[in-house]
Amino acid sequence: MFLGVVVVGTVATMIGVFREDDDLFKERLKPPIQESQPLADKILASLLIATFLGLIAFIPLLALLNCLKLEGVNRANGADVTATFPTQ
């Protein structure tokens, strides 16, 4: 539900803004690293993009490690393995 609201809001904003300003739309379609940028900007943009993608790739690994850790604790205590997440 939340993701649907975000998508609809994003599309509505894009239609509203880009319908009147075609140059802005063309500028937004350009890649984040361009030839005309200074070298420092290219390096900083590359580091930010790599960090962002690394964090996105790391999230499932953290979730998997958390599940495995909790599963091991539950097995050691003789609990049912299906109940891996503690309830509050």
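Analyst: The protein has a mean pLDDT of 82, and 78% of its residues reach 70 or more; pLDDT is the predictor's confidence in each residue, on a scale from 0 to 100. This is a predicted model, in which local features need pLDDT of at least 70 and side-chain atom pairs count only at pLDDT 80 or more, while totals for chains, interfaces and linings use all residues. Residues are numbered from 1 along each chain as its sequence is written, and side-chain values use heavy atoms, with hydrogens and water left out.

The protein has three helices and zero strands, and its pattern along the sequence reads α-α-α. Helices here are DSSP runs (H or I, at least four residues), as are strands (E, at least two), numbered from the N terminus. Among these elements, α1 has the highest mean pLDDT (90), and helix α3 (residues 39-76) the lowest (84).

Now to your part. A search of the whole structure finds two salt bridges, a salt bridge being a side-chain nitrogen of Lys or Arg within 4 Å of a carboxyl oxygen of Asp or Glu. One of them joins Asp-22 to Lys-26, with the closest N and O atoms 3.7 Å apart. Both of these residues belong to helix α2 (residues 22-28), where Asp-22 and Lys-26 sit four residues apart, about one turn of the helix. Asp-22 is partly exposed, its relative accessible area being 45%. In these terms, buried means under 20% relative accessible area, exposed over 50%, and partly exposed in between (1.4 Å probe, protein chains only).

The other salt bridge pairs Lys-30 with Glu-27, and here the closest N and O atoms are 3.3 Å apart. Lys-30 counts as partly exposed at 43% relative accessibility, and Glu-27 counts as partly exposed at 43% too.
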